[in-house]
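Subject: Structure handover

Hello,

Here is the structure for you to look over. My notes follow below it.

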Amino acid sequence: MIEKYNHINDKQAKQCFLFSFFLGFFLGAVIMPVWTHNVESAQVLANVMHYPDENPMNIGHRGLYSLFIQIPALFLMMGIPEWSLCILFSGLQCAIAFSAVSLIAFIFSRHLIFSLTFPVLLLHLSICQKFWPNNYMAVFHGHGYPMLFPLNTSLYGIIGIFSVLLIFCFFSLGWNRSSAFCVGLLPSIHPTLAIACWIGMGTCVGCLVQDKKFRSFLNSFLVGFCFFGISALIHFLFSGTNDIKLPADIHQCISQTFVSDHHALTDHFSSSMDGLKFFEPEIYVLILFFFLTRIQSLPAFLFRFIIPLTTVILVCTLYVPVALFFPQIAHSYPMDAMMIPRWLNLSSIAYPCIASGILIYHSLISGRRWCLWIVSGFIFLIVSGNISGITISSSLAAFHRSSSFFKVILSGWPLLMFLTCLTILIFNEFPTEVKSSETFLNQFHMKMILIFILVGLSVIDSLWIRNYKHVIPQDAEVLIQALKKDHGVLLTTSPFWELSPIQLKTHREILLDLSQLNGMYYLPQTIPAVRDIFQTIFHVDLCEPGESLSQITTFLEERSFQDWQIIASKYGLTGILTPRTLQLKLPICFQNKTYAVYCLSSGF
């Protein structure tokens, strides 16, 4: 029995991957599909939308590189509708997220049913922050960057970060050719997160050099890398953005704006306690990994997961003091565009899977029922709404000062899980025999399995169907249908998160989608055009922001009809979408309680 639990069951591992993948795909594609940004970019690439060459949306969509843009662009050329493609990629990103979480849980628990239900249970940690963009769900402990799970309109980060974890799992389970192929292909999916993956996997190459399977590992990597090379070459030849010349000061502009938006790391380290909160998942993971590696009989597959993830954590941890004390280095382009602190979200995702997996594993091999009770208590607190985070800091953050003492105590349950795991690993001695394992498995644990399944179904019902099916306000839906009826370039004066991605939903060319401004840090070619629009329309210098919202509103409302006509002629505008409260000196084409569309031509 001990041998059974000390080794991974390859058949069950494959079942875990396939079942969780298809379960995630079902949830993403059937229960709650969303509009996805990659299909919006594919519209431009497939010439479904027709922008002037100098339009920043044209430059941005054509310049953004991902295989997940090229594939839907090809499908659009074949006549497949945009919404069908959004359903496909909603399912795909959810499938990758689910399978990564399930495999990590399986590696540390070796229990199939628990691993399959665990990502479903984590859904109940989701805090719905509407319209960032289209349902930002905060589940895991972030590091100054949104940690999305399991799907979102902005899908690139989800697919990238969960793909990295999935590759680590493949390597851990001995699926060397699959992991190597994915490592080679990953730059075509998310180039910056591919760097994190290569750093982590690079430390493992030494483990394979003496292995007879190294040649097959290398060959598989080269096949994946060739696919990436072909995809990148196609992008380079046909994107049409490579000949754009940038001003000399553009990189300084990027860094100044980028630091204020993404890299205000000093806000996270104003005190030592803030630093501990920032690194809390990493502290838990590294300590658990340290004591795991001290176990003499540690299985090789655990070691193969620990090494790459530990490497990435250490690299990111070393980067933070560099960013704090040498900002001129850390915030120089393109270093800042890599958003290295975001790599720490790998450990945020891994921690609950690792801690719960360790407790489940030890409850199985030695009949320590209290380990299972702790995991069950954690799940119960999640489902009952008394806990909302996988770290003590993220859980405490959800409570107000008026919260009861009981709730504050309950928020420390993740810390209890960590301390329990730590105690087991420090004082653990693997038993020479399994204590009542068969009886335990057949009676108590099977009851827990049923509870897990029921909890999972309740989560799907309460979170997905009730909270997400009718999330778009009626006014927004009416506006989208109205905008679809006409054509021409539209100016938006607000991000309008609830409408994003507005080009995809309305089939209208947009002068500048303010909800996607962060994308320009990846594509500095867009900044000259964006800067010109901001200066001309909003009287704001993008590289030296300082105007308040009230001042911008005043500029817009005081602009004369003739001045608007000059701007319309310059940019080819036919309409302006504004909040209903903004009053422009233009005729109104459409309005409801929330929105107004002003005419700059015969239509809008």
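A definition to start: a residue is called buried under 20% relative accessible area, exposed over 50%, and partly exposed in between. Keep in mind that this is a predicted model.

Surface patch
Ile234 has a relative accessible area of 42%, so Ile234 counts as partly exposed. The residue sits in helix α12, which covers residues 214-238. Ile234 also belongs to a nonpolar surface patch of about 660 Å².

A buried loop residue
Ile189 falls in the loop between α9 (176-185) and α10 (191-202). Is Ile189 buried or exposed? Its relative accessible area is 12%, so Ile189 is buried. Look at Ile69 too: Ile189 and Ile69 are 120 residues apart in sequence. In space, their C-alpha atoms are 9.1 Å apart.

Cavities
How many cavities of 30 Å³ or more does a search of the whole structure find? The search finds four. The largest cavity holds about 110 Å³ of space. Its lining is made by 13 residues. Nearest the centre of the largest cavity lie Arg110, Leu292, Leu302, Tyr361 and His362. By class, ten lining residues are nonpolar, two are polar and one is charged. Helix α18 (residues 345-366) gives the most to this lining, with three residues.

Best wishes

Note on methods: Residues numbered from 1 in each chain as written. Predicted model: local features only at pLDDT ≥ 70, side-chain atom pairs only at ≥ 80, totals over all residues. Heavy atoms only, no water. Patch = residues over 30% accessible without salt bridge, like charges linked within 9 Å, V, L, I, M, F, W, Y side chains within 5 Å. Areas by Shrake-Rupley, 256 points an atom, 1.4 Å probe, with all protein chains shown as cover. Salt bridge = Lys/Arg side-chain N within 4 Å of Asp/Glu carboxyl O. Helix = DSSP H or I, 4+ residues; strand = E, 2+ residues; numbered from the N terminus. Buried < 20%, exposed > 50% of the residue type's maximum accessible area, 1.4 Å probe, protein only. 1 Å grid on protein atoms, 1.4 Å probe; cavity = no way out; pocket = protein on both sides within 12 Å on 5 of 7 lines; lining within 4 Å. Points joined across faces, edges and corners; volume = space filled by probe spheres on them. Nonpolar A, V, L, I, M, F, W, Y, C, P; charged D, E, K, R; others polar.
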